[in-house]
Amino acid sequence: MKATKLIGALVCAGVLACGADTTAAIDFTVPTGRINKWLHCSGYGPRSYPRSLENDDKDLAALHLTAARTHDWALINNGQRIVDTQYLFPLPHLDPADPRNYVFEPTDHVLELAQNIGMKIFYRMGTSIEHTGDWFFNAANPTNHEQYAESLAGIVRHYTQGWGNGFTWDIANWEIYNEPNVRACWRGTKAEFIDLYVTCLKRLKREFPNLNFGGPAFAGCPIGYMKELLAACRKANVSPDFMSWHYYGQNPRDLVAQPARVRKLLDEAGFPNCKTIINEWHYLVTWDGIHGASSQDKIRKAHSGPSAHNGIDSAAFNLAVLAGFQNTCLDQSYYYGSGCRGNWGYKDGMGRFNKPYWSLKIFGDIVTEYADKVSAKSAKPSVTAFAGLSADKKRGFVLISDYRGKGPLTASVKGMDGARVVSAHVLDHARNLEPVAVEWKDGLLALPRKDDNSAAFFVVFER
């Protein structure tokens, strides 16, 4: 249905009648704060392997991701011994004070690649996930926590103070370990991990007081475990600079509500300056079919249709979360996706961009071209509305994401009288951020939906 016909149908139905409810209400005259570019970060990073076969630097750069977390990079760079502590300091019986006992060069290279396309580094120390079943090698509890802490200090020193023929790079955030509450990442006890964490935190903050150390990148949001870890930090008289955790699921409202819960916990525990960071999050219907393969039906469900792992539901979920985070106390967020291709990448097996890629492209344009948020409210539970202005106030955008909703999408827009729509794009099951004709008249914006699947519209006004 063309936009003009859609408006007529909506007026006849009473949806756009004077005083009638609309899907969303945007008010450009009411500022609500600055847009936080640190909420648009990722686990993506340029690959050192296979650059001679496929170089995806330009595709990544187009997303304008503020920073990249280094977790699992050893797994997506085949044959490269990078990032993980056991690769940089491979022989733990040697002296960690001697730079000759480290192997830095492969990691030097991959970190430089990321920074060359404008991505800050968020460095995860420890090990990538180890899916080895009952066997394990890297996720074991280090036998000497003090020596392990010294090896971490050597890594930080190399990249921030030039030690060992290193660099003075601006790498501010350093994370101690990853998902200690998951067996594939930690094979010791909870008490052993807490001791390791506190030992490393005290050692690192003593030598590098101007850098940020924290973690431990919990799987999920385990408030009880967080309390225990914070209690141990308080007892040791050391303060983490950030608390980090992860989310995999399909409820954007639940995810967006988590930062407030963790902020409350940190404040009550006596750590008001400790920041909140979600540094793995992704839409997920089921692990089976993604990591598991119990049946062909489960695999097909995970990979095909609107609700697939990288389908339009996933993209609309991303936009609802990215927009929702902007109105929370969350300090940083990192969308998980380590590879160029596959389940956690942004291309399918044929090298085509998937739906989540285009959702990240929208938000990359927002954090790059716009400075301030304005009031954006939704009258429909499935809809997330987000809007903002450029620094010179001459341009404004409206983002409407309808996650698993149905029916017409309309918005009342205040404060753009006399403005014209200079571009409008749609992301849905059939279209990948394609230009679309929208109706903009008398302060009402009508968005031409094509079907009843999830959809997102990105509209730009110019005064």
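Glu179 lies in the loop between β5 and α7 (190–207), and in this predicted model Glu179 has a positive phi of about 45 degrees although it is not a glycine. Glu179 counts as buried because its relative accessible area is 9%, under the 20% limit. Asn237 is another residue that is not a glycine and yet has a positive phi, here about 60 degrees. Asn237 belongs to the loop between α8 (223–235) and β7 (242–249), and it counts as exposed because its relative accessibility is 71%, over the 50% limit.

**Cis peptide bonds**

- Tyr49 and Pro50 are joined by a cis peptide bond, with omega at about 5 degrees.
- Pro50 sits in the loop between β2 (41–42) and α2 (57–61).
- Another cis bond runs from Gly215 to Pro216, where omega is near 0 degrees.
- Pro216 is placed in strand β6 (residues 212–218).

**Strand β4 and its partners**

- Of the 6 residues in strand β4 (residues 120–125), 5 are buried, so the strand is mostly covered.
- Strand β3 (residues 67–69) pairs with β4 in the parallel sense, over 3 bridges.
- Within that pairing, Ala67 has Lys120 of β4 as its bridge partner.
- Strand β5 (residues 173–176) also pairs with β4 in the parallel sense, over 4 bridges.
- Tyr123 finds its bridge partner in β5, namely Trp174.
- Together, β4, helix α6 (residues 145–161) and β5 form a right-handed β-α-β unit.

- Thr384 stands opposite Ser401, which is in β12.

**Ser359 in helix α12**

- Ser359 is a residue of helix α12.
- Ser359 counts as buried because its relative accessibility is 0%.
- With its neighbours within four places in sequence left aside, Ser359 is in contact with Ala315, Asn318, Leu319 and Leu427.

**Aromatic rings and charges**

- The structure contains 40 aromatic pairs.
- Ring pairs link a cluster made up of Tyr44, Trp281, Tyr283, Phe317, Phe325, Tyr335, Tyr346, Phe353, Tyr357, Trp358 and Tyr403.
- Arg157 lies over the face of Trp163, at 4.7 Å from the ring centre.
- Lys190 places its charged end over the ring of Tyr225, at 4.7 Å from the centre of that ring.

Terms used:
Residues are numbered from 1 along each chain as its sequence is written. This is a predicted model: local features need pLDDT of at least 70, side-chain atom pairs count only at pLDDT 80 or more; totals for chains, interfaces and linings use all residues. Side-chain values use heavy atoms; hydrogens and water are left out. Two strands pair if DSSP finds at least two bridges between them. Helices (H or I, at least four residues) and strands (E, at least two) are DSSP runs, numbered from the N terminus. Rings of Phe, Tyr and Trp (its six-membered ring) pair if their centres lie within 6.5 Å; planes under 30 degrees apart count as stacked, over 60 as edge-to-face and the rest as tilted. A charge sits over a ring if NZ of Lys or CZ of Arg is within 6 Å of the ring centre and within 35 degrees of the ring normal. Buried means under 20% relative accessible area, exposed over 50%, partly exposed in between (1.4 Å probe, protein chains only). A crossover is right-handed if, with the strands pointing away from the viewer, the path from the first strand over the helix to the second runs clockwise. Contact means heavy atoms within 4.5 Å.
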